[in-house]
Amino acid sequence: MRDISPLQKERLAYKPKLAGALANGIKNIKLALGAETQAVADREDIKKLFSHVYGKPIAKFDTVGQDLSDELKNIGVILSGGQAPGGHNVIAGLYDAIKTANKENKLYGFLGGPSGIVDGKYMEMTDEIINAYRNTGGFDIIGSGRTKLETEDQFKKALEVCKKLNISAIVIIGGDDSNTNACLLAEWMAENNTGISVIGCPKTIDGDLKNDQIEISFGFDTATKTYAELIGNIQRDANSAKKYWHFIKLMGRSASHVCLEVALQTQPNITLIGEEVEAKKQSLNDIVSYMATIIAQRGNAGKNFGTALIPEGLIEFIPEMKVMIASLNDLLAGLEKDETYKNASQNQKYEIISSKLDTESANLFNSLPSQIKAQLLMDRDPHGNVQVSKIETEKLLIEMVREKLEEMKKQGSYKGKFADQAHFFGYEGRCAMPSNFDADYCYSLGYNAFALVQSGLTGYLSSIKNTTKPASEWVAGGVPLTMMMNMERRHGEMKPVIKKALVDLEGAPFKALEKNRDKWAKEDCYIFPGAIQYFGPSEVCDVTTITLQLEQEKQLVNV
Ligand code: FBP
């Protein structure tokens with residue numbers, strides 16, 4: 001038996017490309033600092049909470065500027081939150097930079113996510129370990145977790161562990177919540193004069209950690225290509241058998257970036273975008289009517305098949321649901337320690353909840369199937385987010401659309417047949433082998449994180465820009481984490497968090513969907529992207545997402 005596939009063997013040998021100035025090697029990079037920065041919102045609150053790391057300048061690496069320090073450094077690295085393709089390459093890039101700077105430098109991986117640094121669970125990275133994980137998917141090199149780092153006790157324990165290992169910098173690879181952790185830790189380390197810096201790296205398949213400085217979070221490219229391959233296959237199946245409507249929920253948490261990107265890659269018949277639903281104040285009924293109308297039009301034309309993409313966070317954007325979920329969040333935070341509620345049966349829980357909601361939310365809650373009610377009452381994640389991946393919106397919509405079509409049939413406006421298939425694609429894409437883009441981008445992010453450490457910076461997110469161009473033109477630097485923060489309600493309290501980037505309804509990617517979707521609804525314009533390719537022509541193997549191309553170039557590269 002072989003232990004690895006022939007493709008994995010080839011991928012282990014792949015040499016990721018380094019961004020622009022970084023390709024000169026860690027000893028030949030220089031730092032340039034820009035002007036001071038401000039938080040994206042709630043500036044006074046953020047400034048007060050992060051007085052030691054607030055407002056730092058944007059950093060850029062080039063061939064001119066200040067030399068980086070050549071001091072010996074031990075670094076700790078943490079993988080935090082949901083898996084995203086390319087995480088291993090961030091660690092590989094960091095490791096290679098550290099060892100190129102000085103062979104005596106050490107990299108420690110904290111095990112199982114942020115709890116590893118608190119509990120002192122770690123392992124030292126070696127050539128042998130790193131070489132076995134280069135260009136592979138997953139976070140299994142050290143594991144991940146969702147522990148929220150926020151208490152004095154956790155920070156003190158983390159400091160003790162760092163002192164023991166002589167660690168002078170921590171790199172946290174994570175999404176918006178994990179980088180909020182990174183900022184809190186950076187502030188505490190600075191306030192307590194520990195000399196330990198904290199640097200973040202932008203990870204998440206959701207694509208919602210982006211702004212003027214962070215063009216894309218790693219993993220989004222590979223995950224969306226993986227889902228697009230699967231959906232292309234489903235479309236070909238639908239177009240062959242011509243008998244099923246496929247309702248496909250796609251991961252991505254609140255934001256609909258994944259759904260939008262996959263729609264642009266595959267051209268399905270229906271695409272729902274949560275942000276649009278909210279902006280147009282569409283009710284659940286409006287959404288169901290929209291879907292049923294398209295299904296009926298196609299059915300009446302003899303096409304009883306199609307594909308509908310549904311973002312997993314849709315439910316949070318439906319105005320009446322949003323109000324109800326916000327009340328549920330507060331209620332559940334209060335009921336966490338209530339013994340009567342904790343010991344109640346599921347039906348009793350529904351009654352308790354319903355009695356505490358206002359009339360409108362209570363009516364809505366009571367109208368939902370019990371499965372959805374149970375999913376809505378599940379524990380929030382440690383950061384206070386509803387676990388939208390566990391809410392079966394695709395099944396709820398199938399049932400509601402079916403009822404609507406039956407009504408339409410009675411009224412004579414629908415003559416087709418509706419047979420459904422429900423899918424949820426999420427975990428399938430989070431640990432895929434990273435695309436060339438993610439492999440190169442992640443390696444550069446990790447390498448760059450060490451350059452930020454050597455520059456003496458803390459409270460920064462590793463940033464690589466100009467990413468629709470070849471890697472030699474990518475621009476490496478750092479963005480102060482406080483620049484991306486605002487205050488939000490979590491677990492019933494106002495907390496500082498990195499602002500999530502939602503789909504911009506004025507942005508070029510959404511406009512491209514809006515322009516084409518009526519045609520895609522009626523005609524069969526399906527695209528079958530096929531599997532990610534690693535070897536072959538650059539326009540097949542190296543091109544990044546349509547979203548990024550439209551955002552950066554306002555047009556598609558290679559089209
Ligand atoms: P983060 O990158 O923000 O951690 O989330 C990624 C994600 O895949 C979301 O799309 C999804 O809602 C969530 O993780 C699922 O969480 P879990 O892995 O705990 O089931």
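An oxygen atom of the ligand is 3.3 Å from a polar backbone atom of G252, a polar contact being a pair of N or O atoms within 3.5 Å. The model is predicted: local features need pLDDT of at least 70, side-chain atom pairs count only at pLDDT 80 or more, and totals for chains, interfaces and linings use all residues. Residues are numbered from 1 along each chain as its sequence is written, and side-chain values use heavy atoms, with hydrogens and water left out.

- The ligand is surrounded by 14 residues (a heavy atom within 4 Å), and the closest are G82, R146, D206, E312 and Y427.

**Aromatic pairs**

- There are 11 aromatic pairs, counted where ring centres of Phe, Tyr or Trp (its six-membered ring) lie within 6.5 Å; planes under 30 degrees apart are stacked, over 60 edge-to-face and the rest tilted.
- F110 and Y122 form an edge-to-face pair because their planes are at 75°, with centres 6.5 Å apart.
- F110 is buried at 0% relative accessibility, whereas Y122 is partly exposed at 28% (buried is under 20%, exposed over 50%, partly exposed in between; 1.4 Å probe, protein chains only).

**Charges over rings**

- R11 lies over the face of F535, 5.8 Å from the ring centre (CZ of Arg or NZ of Lys within 6 Å of the centre and within 35 degrees of the ring normal).
- The charged end of K349 sits over the ring of Y341, at 5.2 Å from its centre.

Definitions and conventions
Polar contact = N/O pair within 3.5 Å; in protein donor to acceptor, adjacent residues only side chain to side chain.
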